[in-house]
Amino acid sequence: MAALFGVTVCWPMAFVGVVAKSPEAVNTWGFMIILPLTFASSVFAPPSSMPGWLRAFVKVNPITKVVDATRGLMLGGPVAKPLWQALAWMAAIVAVFAPLAISRYRRRV
């Protein structure tokens, strides 16, 4: 699950890499995308301990879905719903960013 999500995240980062003007900009944009998504997820704390406005975002965050599915697979617990939600998020991310990255790359080459 983690490896599949890693491959999925490669597509938005590839798009950023093709669009950005410099390597420093790629690094900056990558951190600006990943860090807020990671910290606003269930990776470090359970959503029930978060304020209501943040909890609403955490519940739909793709990283939360991947983490919940991975925890279910590794530690036991609910697997089916988080797994399908994580796979749906990954498919959507690839469906959006793969064509964008490829199209932008072809225009650049």
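The largest pocket in this predicted model holds about 190 Å³ of space. Its lining is made up of 14 residues, and those sitting nearest the centre are P12, I33, L37, I93 and F97. Sorted by class, the lining turns out to be nonpolar throughout: 14 nonpolar residues, with no polar and no charged ones. Four helices put in at least two lining residues each, namely helix 1 (2-19), helix 2 (23-39), helix 4 (62-75) and helix 5 (80-108). Helix 1 has the largest share, with six residues of the lining.

Now for the overall layout. The C-alpha trace spans about 50 × 25 × 20 Å along the principal axes.

Turning to how the helices pack, helix 1 and helix 5 have axes that come within 8 Å and cross at roughly 30 degrees. Angles under 35 degrees count as roughly parallel, and helix 1 and helix 5 are therefore roughly parallel to each other. Their crossing is left-handed. On the helix 1 side, the contact is made by L4, F5, T8, W11, P12, A14, F15, G17, V18 and V19. Helix 5 answers with L87, M90, I93, V94, F97, A98, L100, A101, I102, R104, Y105 and R108. By class, the residues of this contact split into 18 nonpolar, two polar and two charged. Some names come back from the pocket: P12, I93 and F97 are among the residues nearest the pocket centre, and these three also take part in the contact between helix 1 and helix 5.

Helix 4 also packs on helix 5, with the axes 8 Å apart and an angle of about 140 degrees. Helix 4 and helix 5 are therefore oblique to each other, since an angle has to be over 145 degrees to count as roughly antiparallel. This crossing, too, is left-handed. The residues involved are P62, K65, V66, D68, A69 and L73 from helix 4, together with P82, L83, Q85, A86, W89, M90 and I93 from helix 5. The class count for the contact of helix 4 with helix 5 comes to ten nonpolar, one polar and two charged residues.

The remaining pair to describe is helix 1 with helix 2. Here the axes come within 9 Å and cross at roughly 145 degrees, and the crossing is right-handed. From helix 1, V9, M13, V16 and G17 meet V26, W29, G30, I33 and I34 of helix 2. Seven of the residues in the contact of helix 1 with helix 2 are nonpolar, two are polar and none is charged. I33 of helix 2 is part of this contact and is also one of the residues nearest the centre of the largest pocket.

Key:
Residues are numbered from 1 along each chain as its sequence is written. This is a predicted model: local features need pLDDT of at least 70, side-chain atom pairs count only at pLDDT 80 or more; totals for chains, interfaces and linings use all residues. Side-chain values use heavy atoms; hydrogens and water are left out. On a 1 Å grid over the protein atoms alone, a cavity is a set of points where a 1.4 Å probe fits but cannot get out, and a pocket is an open set with protein on both sides within 12 Å along at least five of seven lines; lining residues have an atom within 4 Å of a point. Grid points are joined across faces, edges and corners, and a volume is the space filled by probe spheres set on the points. Ala, Val, Leu, Ile, Met, Phe, Trp, Tyr, Cys and Pro count as nonpolar, Asp, Glu, Lys and Arg as charged, and the others, Gly among them, as polar. Axes are lines fitted to C-alpha atoms, for helices over the stretch in contact, and angles run from 0 to 180 degrees between N-to-C directions. Angles under 35 degrees count as roughly parallel, over 145 as roughly antiparallel, 65 to 115 as roughly perpendicular and the rest as oblique. A crossing is left-handed if the near helix is turned anticlockwise from the far one by less than a right angle, and right-handed if clockwise. Contact means heavy atoms within 4.5 Å.
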